[in-house]
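Come along as I look things up one by one.

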Amino acid sequence: MRIHLDEIPESGLVLTFSGMENVLVDALNRIKIIQRGEIHPFLKGRISIDRVEDGALLTGTVTGSVELQCARCLTNYISDPEVNLRVLVAPRRSGAKAQTNEGDVDENTFFLEGVEFDPGDVILQELLLGLPMKPLCAEDCKGMCPRCGHLQNQCSCPENKPIDSRWAALKDLKSKMKSTNAEE
């Protein structure tokens with residue numbers, strides 16, 4: 001869905017998403033993402049698009065769905081992040097900067113190369129910015145057992161069980177490195 005800035009009515013636009021619309025499909029096709037997880041194109045929520053002097057102001061809240069991989073246990077899980085939007089959409093003018101009252105460049109500005117935009121592009125940008133750097137399936141995720149490689153909550157290794165013999169050479173190397181450093 002493309003919206004022309006000049007065609008936004010004075011009363012604004014309201015977009016409501018029930019979770020059945022492919023809101024992000026075009027935006028996902030336009031960008032190249034280093035695979036951190038699968039982003040589902042269906043959203044729930046509501047946004048308002050109001051005409052302002054510099055362009056359009058998008059406000060509202062949407063909930064997406066993203067499949068992520070836990071940084072500790074490497075299992076895939078579904079996250080439903082909520083995105084609170086308050087973004088100015090403005091055409092890029094040569095030498096012009098979007099500024100706040102303090103005169104700083106506003107980080108909540110989405111610059112356009114023309115006068116049309118897809119709300120999905122703006123929503124996707126905010127969704128990606130809200131994803132965790134180190135996703136966890138649960139705050140108390142224990143990760144993988146260093147001895148057997150299974151999930152720690154499914155592992156039956158006793159605490160004093162020796163580490164796999166295939167790793168013994170590395171343990172010996174670590175001991176040798178410590179003794180070498182102590183001699184220096």
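**Overall layout.** I noted at the start that this is a predicted model. I looked up the elements and found three helices and eight strands in the chain. Read from the N terminus, their order is β-β-α-β-β-β-β-β-β-α-α.

**Burial and contacts.** I then checked the 184 residues of the chain, and 31% of them are buried. Of the contacts between residues at least 6 apart in sequence, 56% join residues at least 24 apart.

**Surface.** The chain has an accessible surface of about 12700 Å², and carbon and sulfur atoms account for 50% of that. Which residues make a nonpolar surface patch? I found W167, L170, L173 and M177, with a patch of about 440 Å². W167 sits in the loop between α2 (119–130) and α3 (168–183).

**Salt bridges.** I looked these up next and found three.

- R2 pairs with E116, with the closest N and O atoms 3.8 Å apart. R2 is in the segment before β1 and E116 is in strand β8, 114 residues apart. R2 is partly exposed at 47% relative accessibility, and E116 is partly exposed at 38%.
- R51 meets E10 at 3.0 Å, N to O. R51 belongs to strand β3, while E10 lies in the loop between β1 and β2, 41 residues apart. I noted R51 as partly exposed at 33% and E10 as exposed at 67%.
- E113 pairs with R92, with the closest N and O atoms 3.2 Å apart. E113 is in the loop between β7 and β8 and R92 in the loop between β6 and β7, so this pair ties together parts 21 residues apart in sequence. E113 is exposed at 71%, whereas R92 is partly exposed at 48%.

How values were computed. Residues numbered from 1 in each chain as written. Predicted model: local features only at pLDDT ≥ 70, side-chain atom pairs only at ≥ 80, totals over all residues. Heavy atoms only, no water. Helix = DSSP H or I, 4+ residues; strand = E, 2+ residues; numbered from the N terminus. Buried < 20%, exposed > 50% of the residue type's maximum accessible area, 1.4 Å probe, protein only. Contact = heavy atoms within 4.5 Å. Areas by Shrake-Rupley, 256 points an atom, 1.4 Å probe, with all protein chains shown as cover. Patch = residues over 30% accessible without salt bridge, like charges linked within 9 Å, V, L, I, M, F, W, Y side chains within 5 Å. Salt bridge = Lys/Arg side-chain N within 4 Å of Asp/Glu carboxyl O.
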